[in-house]
Amino acid sequence: MQIDEPLTRQQLLHWHPIETAPKTDPSTMVAVPILGYCPDEPTTDKIRVIWWEPKLGGAGMWYDDRDIRDIVKPTHWMPLPAPPATQR
């Protein structure tokens, strides 16, 4: 799935295999944050915001805000929801 492809409602509501996750926005070469399902995490922490770090671990690895290497092992992903509309 390309980062610039519009996602259908069906795609937004379902988990996808991690192998199909976008890793980098090709137009900016910036990591794409996504929701990752990490079944090996503690019960309260299985769904995390994750992104791909291409320069870590040789071939790259999934990463999150805890700044701990080799801990994020997602099996599925989902796009982040849109932010709330701003109120003026």
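Colleague: Let's start with charges: how many salt bridges does the structure hold?

Modeller: First, a word of care: this is a predicted model, where local features need pLDDT of at least 70 and side-chain atom pairs count only at pLDDT 80 or more, while totals for chains, interfaces and linings use all residues. Residues are numbered from 1 along each chain as its sequence is written, and side-chain values use heavy atoms, with hydrogens and water left out. A salt bridge is a side-chain nitrogen of Lys or Arg within 4 Å of a carboxyl oxygen of Asp or Glu. On that basis, the number of salt bridges in the structure is six.

Colleague: Which residue forms a salt bridge with Arg66, and how many residues apart in sequence are the parts that the pair ties together?

Modeller: Arg66 pairs with Glu41, their closest N and O atoms being 2.9 Å apart. Helices (H or I, at least four residues) and strands (E, at least two) are DSSP runs, numbered from the N terminus. Arg66 lies in the loop between β6 and β7 (76-79) and Glu41 in the loop between β4 (34-37) and β5, so the partner is Glu41 and the parts tied together have a sequence separation of 25 residues.

Colleague: Moving on to Arg48, what is the N to O distance in its salt bridge with Asp45?

Modeller: Arg48 is buried, at 10% relative accessible area, whereas Asp45 is partly exposed at 22%. Their side chains meet in a salt bridge with an N to O distance of 2.5 Å.

Colleague: Arg48 also forms a salt bridge with Asp65; where does Asp65 lie?

Modeller: In this salt bridge, the closest N and O atoms are 2.8 Å apart. Arg48 lies in strand β5, so the pair ties together parts that are 17 residues apart in sequence, and the place of Asp65 is the loop between β6 and β7.

Colleague: Which residues do salt bridges that share partners join into one network?

Modeller: Arg48 forms a salt bridge with Asp65, which counts as exposed because its relative accessibility is 60%. Through shared partners, salt bridges link up one network made of Glu41, Asp45, Arg48, Asp64, Asp65 and Arg66.

Colleague: Now the fold: in what order do the five strands form an open sheet, and which are the edge strands?

Modeller: The protein chain has one helix and seven strands, following the pattern α-β-β-β-β-β-β-β along the sequence. Two strands pair if DSSP finds at least two bridges between them. Five strands make an open, antiparallel sheet in the order β1-β7-β4-β5-β6. Pairing on one side only, the edge strands are β1 (16-17) and β6 (61-63).

Colleague: In β7, which residue is the bridge partner of His16?

Modeller: His16 is found in strand β1, and β1 pairs with β7 in the antiparallel sense over two bridges. His16 is buried, because its relative accessible area is 14%. Its bridge partner in β7 is Trp77.

Colleague: How far apart are the ring centres of Trp52 and Trp62, and at what angle are their planes?

Modeller: Rings of Phe, Tyr and Trp (its six-membered ring) pair if their centres lie within 6.5 Å; planes under 30 degrees apart count as stacked, over 60 as edge-to-face and the rest as tilted. The structure holds three aromatic pairs. The pair of Trp52 and Trp62 is edge-to-face, because the centres are 5.2 Å apart and the planes are at 75°.

Colleague: Finally, what share of the 88 residues in the protein chain do buried residues make up?

Modeller: Several of the residues we discussed belong to that group, including Trp62, with a relative accessible area of 10%. Over the 88 residues of the protein chain, the buried share is 27%.

Note on methods. Buried means under 20% relative accessible area, exposed over 50%, partly exposed in between (1.4 Å probe, protein chains only).
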